[in-house]
Structure formats: C-alpha cells, structure tokens
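Hi,

Here is the structure I promised to send you. Have a look at it first, and then read on for what I found.

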Amino acid sequence: QVQLVESGGGLVQPGGSLRLSCAASGSIRSINVMAWYRQAPEKQRELVATITGGGSTSYADSVKGRFTISIDNAKYTVYLSMKSLKPEDTAVYYCNAVLQGPDNLSYHYWGQGTQVTVSS
C-alpha cells in the first residue's frame, strides 16, 4: 500500500513564500511523474506543476516564474516552492503521483490535500 503525505501549507501574506512537501511511502520501485494540483472554493481542480522522475518540469501559466517544483527520488518526495504568493493562489493543494510498483506496473495516487491561504 502506498501513501502520499503532504505538509507545509498554512496562512501567508500576499507576496510571501511557502514550501509544500509530499512524501510517498510504501512499495515503490520508482517515480514516473509527480504533480501538484489545487482546488479553490467553487472551482475545478487544476494542474499547477508536474515533474518526471528524470526531472523534466512543466507549469501552469498562472504560476510560471513564481513556483518551482522539485523532486528527491531517493526520498520519493516532491516539493513545491511558492513565492510572490497572491490571494488567488488560495486553495487546497493536492499531491498526485504515478509510481511504479514492485510488479513493474504503474499506479496512480492522490494525497489528502493541504490548505494554502494567502491573505493579509
């Protein structure tokens, strides 16, 4: 059984910074892709950033230049460093992972979510 555990959310003032972490644990052979999504109240969940096990990244236009996704393959952990935060970044942030199991099959997992609130 694989679990994703997120941490690092909280309340921050506009212009501030936060770093989210998502650690995967369990029977994992390797990371295919890990990603961060977010969902604001009354809005659909949206993709924020992705990173492959090889380190290739992509970002939503709304966060380019402000957010950085990174990965530690040895720790099965993905990070999202967020700076210049805006009130519109307020949302529940979810970790998402496609991981290869010991059977060489790929499985899709979601974290429980962590709240990020940007407000003065």
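The hairpin of strands E9 and E10 has five residues between the strands, and in it Asn-104 takes a positive phi near 70°. Before you go further, please note that this is a predicted model, in which local features need pLDDT of at least 70, side-chain atom pairs count only at pLDDT 80 or more, and totals for chains, interfaces and linings use all residues. Residues are numbered from 1 along each chain as its sequence is written, and side-chain values use heavy atoms, with hydrogens and water left out.

Strands (E) are DSSP runs of at least two residues, numbered from the N terminus. Two of them pair if DSSP finds at least two bridges between them. E9 (residues 91–100) and E10 (residues 106–110) pair in the antiparallel sense over five bridges, with Leu-99 opposite Tyr-107.

E9 has other partners too. With E4 (residues 30–39) it forms nine antiparallel bridges, and there Tyr-93 faces Arg-38. Three bridges join E9 to the antiparallel E11 (residues 114–118), where Val-116 is the bridge partner of Ala-91.

Now look at Asp-89, in the loop between E8 (77–82) and E9. Asp-89 counts as buried, at 1% relative accessibility. Its side chain makes a polar contact (N or O atoms within 3.5 Å, one able to donate a hydrogen and the other to accept it) with the side chain of Arg-38, at 2.9 Å.

Happy exploring!

Terms used: Helix = DSSP H or I, 4+ residues; strand = E, 2+ residues; numbered from the N terminus. Buried < 20%, exposed > 50% of the residue type's maximum accessible area, 1.4 Å probe, protein only.
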